[in-house]
Amino acid sequence: MADEQSDTEKCWTVEEARMDSMPTDRITSVTLAGAAVVELHGDIDVEVAEPLQDQLADGLERRDDILVDASDVSLIDCASLGVLIQAHQRADRRGCRFCLVAPSPAMRRTLAGTGLDAAFPIFRSRAHAAAVASAGRRLAA
C-alpha cells in the first residue's frame with residue numbers, strides 16, 4: 001500500500017498536471033509600431049479564454065492598440081469569442097483601436113456563422129493594421 005496517495009497528494013498532482021498543460025503556446029504577443037499584437041495559434045477554446053483575456057487586458061492597461069493575429073486559428077469557441085468582444089468594447093471605452101488581422105478561413109466561418117463578421121475591424125495584414133492605427137494616432141495628436 002506504499003503506492004497509494006492521500007487525497008491531498010492526488011489533488012496536488014492533478015493541479016500540477018493542469019498547470020503543466022496550460023495553453024500558453026497558443027497565445028503569443030509581440031509589439032509592432034506601438035501596438036500590442038496578440039497572436040493566436042491552433043484551437044482557441046475555453047482553456048485559452050482566461051490567458052487570452054489576461055493578454056488582452058495587459059495591452060489595454062498600457063493603452064496600446066490591440067491587433068489580434070488570427071491567421072493560425074483552426075477553431076475558436078464561444079468563450080474565446082466572448083473574450084474578444086469584451087476586449088473590443090473595453091478598447092473602445094479606453095480610446096484604443098482593436099482589430100483582427102488576417103483571420104484564418106476557420107475563424108472567418110465562425111465569425112460569419114455567429115453574425116460577428118461585422119463586429120470587428122478586419123485587416124489583411126499586420127502592416128496594414130499597424131499603418132491604419134499609426135495614422136489614427138497621428139490624426140488624433
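I started with A129, which sits in helix α5, residues 126-140. I note that the model is a predicted one. A129 is buried, with a relative accessible area of 2%. I listed what A129 touches, leaving out residues up to four places away in sequence, and found L67, C99, V101 and F123. I also looked up R97, which lies 32 residues from A129 along the chain; their C-alpha atoms are 9.7 Å apart.

**Overall layout**

I counted five helices and five strands in the chain. Read from the N terminus, the order is α-β-β-α-β-α-β-α-β-α. The chain has 141 residues, and 36% of them count as buried. I took the contacts between residues at least 6 apart in sequence; 67% of these join residues at least 24 apart. The accessible surface of the chain is about 8,200 Å², with 53% of it belonging to carbon and sulfur atoms.

**Cores**

I looked next at the largest nonpolar core, which has 27 residues. The members that touch the most others are L40, L52, L56, V68, L84, F98 and M107. At least two residues of this core come from each of β2 (35-44), α2 (46-61), β3 (65-76), α3 (78-94), β4 (98-101) and α4 (105-114). Another core lies apart from it and has seven residues, among them A35, V37, C99 and V101.

I then checked L52 by itself. Beyond its neighbours within four places in sequence, L52 is in contact with I27, V38, L40, I44, S80, V83 and L84.

**Helix α2**

I checked the span of α2: its 16 residues reach 23 Å from first C-alpha to last, close to the 22 Å expected at 1.5 Å a residue. Its buried residues are V48, A49, P51, L52, L56, G59 and L60. The cover over these buried residues includes β1 (27-32), β2, β3, α3 and β4. After α2 comes R63, with a positive phi near 60°.

**Cysteines**

I searched for disulfides and found zero in the structure. C96 counts as buried at 6% relative accessibility. C99 is buried too, with a relative accessible area of 5%.

**Salt bridges**

My count of salt bridges came to seven. I followed R26 into a network of salt bridges that links it with D45 and E47. In the bridge between D45 and R26, the closest N and O atoms are 3.2 Å apart. D45 is in the loop between β2 and α2 and R26 in the loop between α1 (7-20) and β1, so this pair ties together parts 19 residues apart in sequence. The bridge between E47 and R26 has an N to O distance of 2.9 Å. E47 lies in helix α2 and R26 in the loop between α1 and β1, so here the parts tied together are 21 residues apart in sequence.

I looked up how covered the three residues are. D45 is buried, with a relative accessible area of 19%, and the cut-off for buried is under 20%. R26 is buried at 15%. E47 is partly exposed at 48%.

R126 is partly exposed, with a relative accessible area of 25%, whereas D69 counts as buried at 10%.

Technical notes. Residues are numbered from 1 along each chain as its sequence is written. This is a predicted model: local features need pLDDT of at least 70, side-chain atom pairs count only at pLDDT 80 or more; totals for chains, interfaces and linings use all residues. Side-chain values use heavy atoms; hydrogens and water are left out. A nonpolar core is a set of buried Ala, Val, Leu, Ile, Met, Phe, Trp, Tyr and Cys residues joined through side-chain atoms within 4.5 Å. Buried means under 20% relative accessible area, exposed over 50%, partly exposed in between (1.4 Å probe, protein chains only). Helices (H or I, at least four residues) and strands (E, at least two) are DSSP runs, numbered from the N terminus. Contact means heavy atoms within 4.5 Å. The expected span of a helix is 1.5 Å times one less than its number of residues. A disulfide is a pair of cysteine sulfur atoms within 2.5 Å. Accessible areas come from the Shrake-Rupley method with a 1.4 Å probe; for residues, only the protein chains shown count as cover. A salt bridge is a side-chain nitrogen of Lys or Arg within 4 Å of a carboxyl oxygen of Asp or Glu.
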